[in-house]
Structures are given as structure tokens and as C-alpha cells.
Amino acid sequence: MSTVIRGGTVVTADLSYQADVLIEGGRIAAIGPGLVGDEVLDATGCLIMPGGIDPHTHLEMPFMGTYSADDFESGTRAALAGGTTMVVDFALPSPGQGLLDALQMWDNKSGRAHCDYSYHMAVTWWGPQVFDEMAAVVDRGITSFKHFMAYKGALMVNDDELFASFRRVGDLGGIAMVHAENGDVVAELSARLLAEGNTGPEAHAYSRPPAVEGEATNRAIMVADMAGVPLYVVHVSCEDSHEAIRRARARGARVWGEPLIQHLTLDESEYFNADWDHAARRVMSPPFRNKAHQDSLWAGLQSGSLSVVATDHCAFTTAQKRTGLGDFTKIPNGTGGLEDRMPMLWTHGVGTGRLTPNEFVAATSTNVAKILGMYPRKGAVLVGSDADLVVWDPAAEKTITVGAQQSAIDYNVFEGKTVKGLPRFTLTRGVVAVTEGVVDSREGHGEFVARKPQGSVSRALSAWKELSAPRPVQRFGIPASGV
Ligand code: URP
Ligand code: ZN
Ligand code: ZN
Ligand code: ZN
């Protein structure tokens, strides 16, 4: 059984051209004019792009005393509905728990996925067991390790642990990732705000100003530099953090920044809404920022100093959010976005002229696949690549509303926003999962994608590290002591 996508324009990270795409056995078998197949998908007026890859999700994650409400079933169904064909979720050991133990927990959950997935591993504590198990994690094809510089008393690691872990990641040929916020300062500011009677969701934003994120980003870049490891900074929300990344990249550091679709399109005024639920539903870390910070993030995508766009999809229901009534520090941190990332970025990026269609593909898919070590199996329209594709109709419109979404939660942070640019078809390894808004995907279809360590950036960094390593000076005729 073969499928041909006919009559569209193939759009990749570097090219746009007219061609049909033939799919056999879940992979792209041919690209060119006049292809024939058993099943034909009409792509007239559409763009044939690599399906989106969301590099940052938290599905059914234990966090702040509860579990995020979208699991691998509803989360990946939402992803496909919006043209995303792969997610990379964070396996999160609780402090003291082994990494392989946590992996087993994630394997138990991910069997329900509708689309392919991979994991990052979080390093939430440090010790010989973590050090040892990191090698086994890499052997399983998980090559990126996330560190929280915030959430003091829970997931946060200190600088000595950060440095030790970064060195280990570097030696294993992996990528270090950070949630960059100064957790000590956030904890102090939060306690003071509460004591002063600032208990509402707006205080969440007061407790995590941009400088707190900028400082931690600079610190993580320095530590990565000392450890000789490539660094990926998740959810870059502000100019302070973007500036640190831009400066590091300009001097040659291997650092990537990931803004979220939420920070690109929603701002801090959401927290001043008189409706407590409205504000609390938008509580996430880092918080939404003002327009100047948003402009900085868009400029970063345009100039290349920021590399990918994610969602950090970590959805909590209104009832879960209400745990924090009377104390903003107890509002579970996280928002949704999996279904909306691609249409929102297309509308506000390509639709406004801030991004080209090719830059859109790079930011939503190809750059993710390259940075995380799974290109060109994923993120490409090439013969031999997995047929994870989205047939994108740039003329299709809808208004985002909770009633029509796949996500399990009872609201949508983009409620009421009109988007122009939607999938006509979404294909996961050659199987049509979405047709013009109608989802017909299969629970359990998704497969784990193992990734490769020692990518070209890691090898280049190792070569440089070796060449520039401190060496003792060879001296002849050492002076006699005590003269
Ligand atoms: O608020 C957020 N971002 N929740 C998810 C966990 C994290 O920090 O990424
Ligand atoms: Zn985070
Ligand atoms: Zn509202
Ligand atoms: Zn996250």
C-alpha cells in the first residue's frame, strides 16, 4: 500500500519546490513530478512540510503535588491535530530516584502515544548512581539531560552539581539543557511577596523578573563553557536571557535557545485579569513578559540567535490550578499549546512577514531534529526519511476554542484567537491521522525514537577541548630550591 501526496509545494528548511511525495512502508520513497500510488492525497494549494517536532513537553508529569492532565494519549492526539508529529518529553526522576527507574515509568506511560516520541532525561539530584546511569541512558538513545536551576527544594540542582553533570554529559557526547532561573532569588522573592499579602497569580510574575532568568542563563553558559558541553536553554522568555545566548553564540559558544509559542504571542497583562482563574491558568515559569521582550524573541528567530519554538506543554485543569487559591506558589506551573503551536507560529510569524515558510520549518522541526540528533530520519522531506508530514493549507482558518480542542483540560490559553494556516492532512509514519480538522489517529501507533550521541557539534567541541586543554610547561634546568 503506497500513498502519493500530489499537487503541492514541498517546503523544507532550505527549499520550496513543486513536487509529489510518494510514501511506502512509512517512509518517503520518492519525490518528484507525476508520481503514482495506491492512495492519493490532494495537496493543491498546500505546502508539504516535515511534521512539527515539539522538543519540550510534560505529559502526565508528577509536579507540584499533582499530575499534568494531558497524558501521552490526549497530548499526542492534540499534537497531530495541529500538525506536530513528534514530541520530546522529559523523563523526570524524583530526587533520590534512579534514572533507569524513571525511564521505566515513562515507558509505561508512553505506550499510548498516537505519534512518535523521544525523551530527555532530567538530572534532579546528583550522586554516583546518577553518574553511572547516565551512560546507560545514552545507550538507550537519550542524549539530552535537563537541569532545573529553579524549583528550590524540589527539582533544583546547585552549581557544583550542575558542573559535575555537565562534564559527564560532555564526556558522553550529549547535550546539556537548563531551565534557567535563579531558584534562590525566586524563593526569597516569593516568600516576601506572600508575607506582604501578594497572594494572587500576578505575584507569580513579580517573583520571577527577567533579570532572574538572565543571570541563570549567563551562569549556565559559563558552566557549560567550563565543562566543554553544548548547551540548550529551554523556554527563553526575555531579552535578558536571549542577550546572554546571543552574546555567547557571537563568541563561538555552542548554545541554542528555545522560545515558546506562549511567550511569543501572550504577554504579562494576562496576569492582571480580574478573573483569578484566567490569570492562574496562565501561570507558568518563566512567566509571560511585556511586548519589548516578545519583540526580542521574534528578532532572535529572525536573526538565528534563537533556534526552535516549543510549547513546554504541561497542562493543568482549572480545578488543579485552584490548589493555589490564597497562595500563588501553590498554583501548578504550566500551560498548554501542543495543538496550537504550528498554527499560531504560522499566523503570527509567516502571516506577518516576520518569518519565511522555510524559517518556520526550521524552527518547528528541522532545527530540533538536527540539534537533538535525529536528522534526517525526522525533520526532513528526503527519500528515506520517516513520512512524518504535514500538508499545510495556508488559506484555512479557524478560531481557537476549548470546545474543539483535543487536550483534556477545560480551557485554552489561546481561546478566541483566529489562526490562518492549518493542516489539511497530518501523516505519522505514512498513516493519515488528521484530515481537515478531523482526527482519526490510533492510540499506541507512536514509537520511541532513539537518538545518537557524539553529533558533529559534540565532536567539534571535544576536538577543541583537547587542543586547548591546560598542559604543564616543560622546563629544563629547574633551579635548586632554597637558593
Ligand atoms: O511552568 C512550567 N514551565 N512548567 C513545566 C515545568 C518546567 O519548568 O518546564
Ligand atoms: Zn522549565
Ligand atoms: Zn478569561
Ligand atoms: Zn518544561
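Predicted model: local features only at pLDDT ≥ 70, side-chain atom pairs only at ≥ 80, totals over all residues.
**Ligand 1**
I looked up what surrounds ligand 1. I found His58, His179, Met284, Ser285, Asp312, Cys314, Asn333 and Gly334. I sorted this shell by class: five residues are polar, two nonpolar and one charged.

**Helices α4 and α7**
I took α4 (residues 159-171) and α7 (residues 210-227) next. Their axes come within 9 Å and cross at roughly 45 degrees. The two helices are therefore oblique to each other. I noted the crossing as right-handed. On the α4 side, I listed Asp159, Leu162, Phe163, Phe166, Arg167 and Gly170. They meet Val223, Ala224, Met226 and Ala227 of α7. The contact has seven nonpolar residues, two charged and one polar.

**Cis peptide bonds**
Most peptide bonds are trans, and I searched for exceptions. The bond from serine 285 to proline 286 is cis, with omega near -10 degrees. Proline 286 sits in the loop between α10 (276-280) and α11 (291-303). Ser285 also belongs to the surroundings of ligand 1. I found that the bond from tyrosine 375 to proline 376 is cis too, with omega near 5 degrees. Proline 376 lies in the loop between α14 (357-372) and β17 (389-399).

**Positive phi**
Histidine 235 has a positive phi, near 25 degrees. Its loop joins β15 (231-233) and α8 (239-250). Is histidine 235 buried or exposed? I count 23 other C-beta atoms within 10 Å, so histidine 235 is buried. Glutamate 436 also has a positive phi, near 40 degrees. I placed glutamate 436 in the loop between β19 (431-435) and β20 (438-439). Glutamate 436 has 11 other C-beta atoms within 10 Å, so this residue is exposed.

Key
Residues numbered from 1 in each chain as written. Chains lettered and ligands numbered in written order. Near = placed C-beta within 6 Å. Nonpolar A, V, L, I, M, F, W, Y, C, P; charged D, E, K, R; others polar. Axes fitted to C-alpha atoms, helices over the stretch in contact; angles between N-to-C directions. Helix = DSSP H or I, 4+ residues; strand = E, 2+ residues; numbered from the N terminus. Parallel < 35°, antiparallel > 145°, perpendicular 65-115°, else oblique. Left-handed = near helix turned anticlockwise from the far one by under 90°. Contact = placed C-beta atoms within 7 Å. Buried ≥ 20, exposed ≤ 12 C-beta atoms within 10 Å, placed from the backbone.
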